[in-house]
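Please look over the sequence and structure, then read the points below, which are grouped by topic.

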Amino acid sequence: MNKFSLFGKFIVQEGERDTMVNILMEAAELMKNLDECEIYLVNISENEPNCVYVYEVWSNENAHQASLTLEVTQTLIKRAKPIITGMERIMTLQTRGGKGI
């Protein structure tokens, strides 16, 4: 098994973390309709009040890239852009297996 995994961090304007979480949770709901998206987790840290982390597992990198071109995804990106002050791709991984996959 070879899967494409991505761990990313969104840095948002002060006081906008919940807004970003809500936008990403909408994205997570939409990902339920894409078989290629196997895991989409939205996370926060008590130590970083302006950050939201997303962990994703996809069937392959092309499927992830294709999801970014969907009209619904583009709409969510447009809503999120005004509150994002930075983004960091912490790591990309090749998932080999485990619980949940």
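This is a predicted model: local features need pLDDT of at least 70, side-chain atom pairs count only at pLDDT 80 or more; totals for chains, interfaces and linings use all residues.

Glu-48 has a relative accessible area of 23% and is partly exposed. Its side chain meets that of Lys-9 in a salt bridge, with 2.9 Å from N to O.

**Salt bridges**

- The whole structure holds four salt bridges.
- The bridge between Glu-48 and Lys-9 joins distant parts of the chain, since Glu-48 belongs to strand S3 and Lys-9 to strand S1, 39 residues apart.
- Lys-9 is buried, because its relative accessible area of 14% is under 20%.
- Glu-48, by contrast, is partly exposed, because its 23% falls between the limits of 20% and 50%.
- Another salt bridge pairs Arg-79 with Glu-26, whose closest N and O atoms lie 2.9 Å apart.
- Arg-79 is in helix H3 and Glu-26 is in helix H1, so this pair ties together parts of the chain that are 53 residues apart in sequence.
- Arg-79 is partly exposed at 42% relative accessibility, and Glu-26 is partly exposed at 35%.
- Glu-29 and Lys-32 also form a salt bridge through their side chains, at 3.1 Å from N to O.
- In this pair Glu-29 is partly exposed, with 47% relative accessibility, while Lys-32 is exposed, with a relative accessible area of 60%.

**The largest pocket**

- The largest pocket contains about 540 Å³ of space.
- Its lining is made up of 26 residues, and those closest to the pocket centre are Phe-10, Tyr-40, Glu-56, Leu-68 and Met-87.
- Sorted by class, the lining has 17 nonpolar, five charged and four polar residues.

- Glu-56, one of the residues closest to the pocket centre, lies in strand S3.
- Glu-56 counts as buried because its relative accessible area, 9%, is under 20%.
- Beyond its neighbours within four places in sequence, Glu-56 is in contact with Phe-4, Ser-5, Leu-6, Ile-39, Tyr-40 and His-64.
- The C-alpha atoms of Glu-56 and Cys-37 are separated by 7.5 Å, and these two residues are 19 residues apart along the chain.

**The largest nonpolar core**

- The largest nonpolar core has 21 residues, of which Met-20, Leu-24, Met-31, Cys-37, Tyr-40 and Trp-58 touch the most other members.
- S1, H1, strand S2 (37-45), S3 and H3 each supply at least two residues of this core.
- Helix H1 gives the most to the core, with seven residues.
- Leu-24, not counting residues up to four places away in sequence, touches Phe-10, Tyr-40, Val-42, Val-52 and Val-54.

- Gly-8 is in strand S1 and is buried at 12% relative accessibility.
- Setting aside neighbours within four places in sequence, Gly-8 is in contact with Val-52, Tyr-53, Val-54, Glu-88, Arg-89 and Ile-90.
- Gly-8 and Gly-86 are 78 residues apart along the chain, and their C-alpha atoms are separated by 11 Å.
- Thr-95 lies in strand S4 and counts as buried, with 11% relative accessibility.
- The contacts of Thr-95, leaving aside neighbours within four places in sequence, are Met-1, Asn-2, Lys-3, Ser-5, Tyr-55, Val-57 and Ile-101.
- Thr-85 is also found in strand S4, but Thr-85 is exposed, because its relative accessible area of 56% is over 50%.
- Beyond four places in sequence, Thr-85 is in contact with Ile-11, Val-12 and Gln-13.
- Between the C-alpha atoms of Thr-85 and Glu-46 there are 19 Å, and the two residues are 39 residues apart along the chain.

Methods: Residues are numbered from 1 along each chain as its sequence is written. Side-chain values use heavy atoms; hydrogens and water are left out. On a 1 Å grid over the protein atoms alone, a cavity is a set of points where a 1.4 Å probe fits but cannot get out, and a pocket is an open set with protein on both sides within 12 Å along at least five of seven lines; lining residues have an atom within 4 Å of a point. Grid points are joined across faces, edges and corners, and a volume is the space filled by probe spheres set on the points. Ala, Val, Leu, Ile, Met, Phe, Trp, Tyr, Cys and Pro count as nonpolar, Asp, Glu, Lys and Arg as charged, and the others, Gly among them, as polar. Helices (H or I, at least four residues) and strands (E, at least two) are DSSP runs, numbered from the N terminus. Buried means under 20% relative accessible area, exposed over 50%, partly exposed in between (1.4 Å probe, protein chains only). Contact means heavy atoms within 4.5 Å. A nonpolar core is a set of buried Ala, Val, Leu, Ile, Met, Phe, Trp, Tyr and Cys residues joined through side-chain atoms within 4.5 Å.
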